[in-house]
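Subject: Structure handover: helix packing and pockets

Hi,

Here is the structure for you to look over. My notes on helix packing and pockets follow.

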Amino acid sequence: MTGYYLIIGISMLFSWIVSSRLKSKFEYYSKVHLRNGMSGKEVAEKMLRDNGITDVQVVSVPGHLSDHYNPENKTVNLSEAVYMQRNAAAAAVAAHECGHAVQHAVGYSMLQLRSKMVPIVNISSNLLQFVLFAGIAIMAATRSIDNPNGNTTVLAIGVILFAVTTLFAFITLPVEYDASNRALQWLKSTGTVTAEEYEGAEDSLKWAARTYVVAALGSLAQLLYFASMLLGNRR
């Protein structure tokens, strides 16, 4: 299991580096105040209107960087800071979440696929760790001269569950990048932000997207580790 803990350690290190960089970027661009004086809430509402979306509500939710779009009740949920503040970072986040609302409205295929996978992923995530480590324990306990590999059935199920969550992580990438592209295109084409403010919004969203990349690669590395353990014992 040394290899597994090494993968976890490296993944956590890269996640911390990117998250720290993201935090510092948002703190920096939070000081770049919008010349138009619009709050995150007002930016979000304008982007929704400009895209002909009238059935989505913009609401404030507690937490830091807890912003998200909920397709079930059609709400753009902005953290308190983003909802109230009037800076490049808030505009970037608000527009990005509205990008998801636009995806929903136009039937963006990757968002639809991601939404359909949510129930399966929730089940997989809840069972994953238990099944994987139970599978490893059973495999070790059932090894014998006649069966040197042991029983790998439970471990195989665990690998399949992990594959589902990893696939979900990679499907999330185009969804997030597309939402950012929609947000940036709208911010630029409508003149909602100045050139300087646009650069701040673009840089903020770039680092936000990298958190998803790190998560996906970390998940893939762990999946490959358990898959190699399974395949190695089946040879």
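Start with helices H5 and H6: their crossing is left-handed. The model is predicted, so please read everything below with that in mind. The axes of H5 and H6 come within 6 Å and cross at roughly 150°. An angle over 145° counts as roughly antiparallel, so H5 is roughly antiparallel to H6. By class, the residues of this H5–H6 contact divide into 27 nonpolar, 6 polar and 1 charged.

Overall layout

The protein has 7 helices and 3 strands. Along the sequence they follow the pattern α-α-β-β-β-α-α-α-α-α. The C-alpha trace spans about 75 × 35 × 30 Å along its principal axes.

H4 against H6

H4 covers residues 88–106, and H6 covers residues 153–189. Their axes come within 7 Å and cross at roughly 110°. The range for roughly perpendicular is 65 to 115 degrees, so H4 is roughly perpendicular to H6. This crossing is right-handed. On the H4 side, the residues in contact are Ala-91, Ala-95, His-96, Gly-99, His-100, Val-102, Gln-103 and Val-106. They meet Val-175, Glu-176, Asp-178, Ala-179, Ser-180, Arg-182, Ala-183 and Leu-187 in H6. The H4–H6 contact has 8 nonpolar, 5 polar and 3 charged residues.

H2 against H6

H2 runs over residues 40–50. The axes of H2 and H6 come within 11 Å and cross at roughly 90°. H2 and H6 are therefore roughly perpendicular to each other. From H2, the contact uses Val-43, Lys-46, Met-47 and Asp-50. From H6, it uses Arg-182, Ala-183, Trp-186 and Leu-187. By class, that is 5 nonpolar, no polar and 3 charged residues. Note that Arg-182, Ala-183 and Leu-187 of H6 meet H4 and also meet H2.

Largest pocket

The largest pocket holds about 610 Å³ of space. Its lining is made up of 25 residues. Which of them lie nearest its centre? They are His-68, Glu-97, His-100, Glu-176 and Tyr-212. H7 gives the most, with 5 residues. By class, the lining has 13 nonpolar, 7 polar and 5 charged residues. His-100 and Glu-176 also belong to the contact of H4 with H6.

Second largest pocket

This one has a volume of about 220 Å³. Arg-114, Phe-162, Thr-165, Ala-169 and Thr-172 are among its lining residues. Tyr-212, Ala-215, Ala-216, Ser-219 and Gln-222 line it too. H6 and H7 each supply at least two residues of this lining. The largest share, 5 residues, comes from H7. By class, the lining of the second largest pocket has 5 nonpolar, 4 polar and 1 charged residues.

In brief

H6 packs roughly antiparallel to H5. H6 is roughly perpendicular to H4 and to H2. H7 gives the most residues to the lining of the largest pocket, and the largest share in the second largest pocket.

Best wishes

Terms used
Residues are numbered from 1 along each chain as its sequence is written. This is a predicted model: local features need pLDDT of at least 70, side-chain atom pairs count only at pLDDT 80 or more; totals for chains, interfaces and linings use all residues. Side-chain values use heavy atoms; hydrogens and water are left out. Axes are lines fitted to C-alpha atoms, for helices over the stretch in contact, and angles run from 0 to 180 degrees between N-to-C directions. Helices (H or I, at least four residues) and strands (E, at least two) are DSSP runs, numbered from the N terminus. Angles under 35 degrees count as roughly parallel, over 145 as roughly antiparallel, 65 to 115 as roughly perpendicular and the rest as oblique. A crossing is left-handed if the near helix is turned anticlockwise from the far one by less than a right angle, and right-handed if clockwise. Contact means heavy atoms within 4.5 Å. Ala, Val, Leu, Ile, Met, Phe, Trp, Tyr, Cys and Pro count as nonpolar, Asp, Glu, Lys and Arg as charged, and the others, Gly among them, as polar. On a 1 Å grid over the protein atoms alone, a cavity is a set of points where a 1.4 Å probe fits but cannot get out, and a pocket is an open set with protein on both sides within 12 Å along at least five of seven lines; lining residues have an atom within 4 Å of a point. Grid points are joined across faces, edges and corners, and a volume is the space filled by probe spheres set on the points.
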